[in-house]
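Could you walk me through this protein, one selection at a time? I have the structure open in my viewer and would like to know what to click on and what I will find there.

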Amino acid sequence: MSESTLCAPEAVLTQFREVTSPYDGRVVGAVPLTDAIAGEAVLEVARAGARKARELSRNARGKILDTAAADIEQRSEEFARTIVAESGKTIRQARKEVLRAVNTLRLSAAEARRNAGEVIPFDSYEGSEDRTGWYSREPLGIIAAITPFNDPLNLVAHKVGPAIAGGNAVVLKPSALTPLSAQLLTDALVDAGLPPEVLTVVHGDRQVAETIIRSRDVRMVSFTGGFSTGESIARTAGLKKLSMDLGGNAPVIVLDDADLDDAVESCVSGAFWAAGQNCVGVQRILVATPLYAEFREQFLGATARLVAGDPSDERTDVGPMISPAALGELQSKLDEAIDAGAVLLAGNVTDGNVLQPTVLEAVPADSRLWKEEVFGPVVMLHAFNTFEDAIEVANAIDFSLHAGIFTDSLGNAMEAARRIEAGGVMINDSSDYRFDGMPFGGSKYGSMGREGVHFAYEEMTQPKVVCIRNTKP
């Protein structure tokens, strides 16, 4: 940890929390815990940071973000190995996450420089012909960012990058399971010239988070995580902006005119990437009945070829789940579904925290496995008879992030894009496709706001109007 990095005021650091590998349990690092009574001291640092952040020119913000991005790119293997060690993501997947985080910071740097506001055509309105002016994008002040374990570097970059670009201070609380990548990113930003007070990292319990979230000085809470935590944050936060990504249950529709090989390859990757711990990962694959038997055969064959195990091994495709508790919860859902009539086609074999890629069919629609977010290497196959049936099943869940459809028909693709209730519909692609510049967020219950650098930047800033009346001498 860089000495210049502010985790919290030194006086309130009382102990350290060890960070362990989800694969083999070894200790891979430690972070200082912030005492529960230290919320006000943390906020005092953030208040000073907000003043300094506002004073940074757009050029300075852009330079800091670009310099940090270049540093991370140069040290990409170090960052990737840290992701592997604390999250269990495979090394090949971790390297891709680092590249995405670099891109996220560079997109944020560009946003800092270009998205300053617009001229307002006052003189186009009758009675305002003698006025001219503009609006600028101004910082909110202090933003609380709470991030999950599954993308421990890039999802932090998605909150911190746009916030800094907009001239805000950030109080960052990364997942207790994966805080090391967030700390490396923070150090890179401080080393790039960010005043330490602008980004304060807090490693603590729920009481610390609630103290920060509740503060009237915090103007926005940006949270990615589970529904119950999201509801608790909403109750605690009071009158402030909230941006929440609360998970998904992605359907992918495969019509009978789809490219079968492409659909199978994309769905296998989308279902088991990051051991399925992916909020837009493929969870329910809805296949047209005429294609179902052949799709199932090919899908099971491709799944069987995946290598599950040590995430640091270059050959590994599927690493461990994040914790024994997460694995136990998923196994409980699997057992319930199988007891209720679901047919196990592959997997459901564990070795430590590693669950072999698991495939089921005939899963009851009222089971937790079907209705809730799986967040593990489990996917369910379902045959449908008509396009209407597929749309109805896809939309039956009351929360949604992404969906996908494979078809050779432009008409069917566009109809699905119109009718599927989701934050994004990927055509001839897995539901887990995401470009860091696109708007990203959910549909229906619980979702609010959008990530994606440009869109997060606008969430994290506010317009200020300046109007000048041209008076005659």
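Predicted model: local features only at pLDDT ≥ 70, side-chain atom pairs only at ≥ 80, totals over all residues.

**Stop 1: the largest pocket**

Start with some empty space. Rolling a probe the size of a water molecule over the atoms shows where such space is left. Select Phe-223, Thr-224, Gly-225, Gly-226 and Thr-229, which lie nearest the centre of the largest pocket among its 42 lining residues. The elements that each give two or more residues to this lining are α7 (206-214), β8 (218-224), α8 (227-237) and α11 (324-339). Colour α8 to see the element that gives the most, with 6 residues. The pocket holds about 1100 Å³ of space.

**Stop 2**

To find it, select Lys-96, Ser-269, Trp-273, Asn-278 and Asp-432, the closest to its centre of the 34 residues that line it. Two or more lining residues come from each of α4 (91-114), α5 (154-165) and α9. Here α9 has the largest share, 6 residues. By class, this lining divides into 11 nonpolar, 11 polar and 12 charged residues.

**Stop 2: salt bridges**

Side chains of opposite charge can pair when their charged atoms come close.

Show the side chains of Arg-100 and Asp-436, which meet with N and O 2.8 Å apart. Arg-100 is in helix α4 and Asp-436 is in the loop between β19 (424-427) and β20 (443-444), so this pair ties together parts that are 336 residues apart in sequence. Is Asp-436 buried or exposed? Asp-436 is buried, because its relative accessible area is 3%. Arg-100, at 27%, counts as partly exposed.

Next, select Arg-206 and Glu-210, whose closest N and O atoms are 2.9 Å apart. Both residues sit in helix α7, 4 residues apart, which is about one turn of the helix. Arg-206 is exposed at 56% relative accessibility, while Glu-210 is partly exposed at 22%.

Then look at Arg-131 and Asp-130, whose side chains form a salt bridge of 3.3 Å, N to O. Arg-131 is partly exposed at 27%, and Asp-130 is partly exposed at 29%.

Finally, show Glu-40, Glu-44, Arg-47 and Asp-217 together: salt bridges link them in a network.

**Stop 3: a nonpolar patch**

Switch to a surface view and select Val-119, Trp-134 and Ile-468. They make a nonpolar surface patch of about 290 Å². Trp-134 belongs to strand β4 (residues 131-139) and counts as partly exposed, because its relative accessibility is 38%.

**Stop 4: two alanines in loops**

Select Ala-274, in the loop between α9 (260-272) and β11 (282-288). Ala-274 has a positive phi of about 55°, although it is not a glycine. At 9% relative accessibility, Ala-274 is buried.

Now go to Ala-362, in the loop between β15 (358-361) and α12 (368-371). Ala-362 also has a positive phi of about 55° without being a glycine. Where Ala-274 is buried, Ala-362 is partly exposed, at 48% relative accessibility.

How values were computed:
Residues numbered from 1 in each chain as written. Heavy atoms only, no water. Patch = residues over 30% accessible without salt bridge, like charges linked within 9 Å, V, L, I, M, F, W, Y side chains within 5 Å. Areas by Shrake-Rupley, 256 points an atom, 1.4 Å probe, with all protein chains shown as cover. Salt bridge = Lys/Arg side-chain N within 4 Å of Asp/Glu carboxyl O. Buried < 20%, exposed > 50% of the residue type's maximum accessible area, 1.4 Å probe, protein only. 1 Å grid on protein atoms, 1.4 Å probe; cavity = no way out; pocket = protein on both sides within 12 Å on 5 of 7 lines; lining within 4 Å. Points joined across faces, edges and corners; volume = space filled by probe spheres on them. Nonpolar A, V, L, I, M, F, W, Y, C, P; charged D, E, K, R; others polar.
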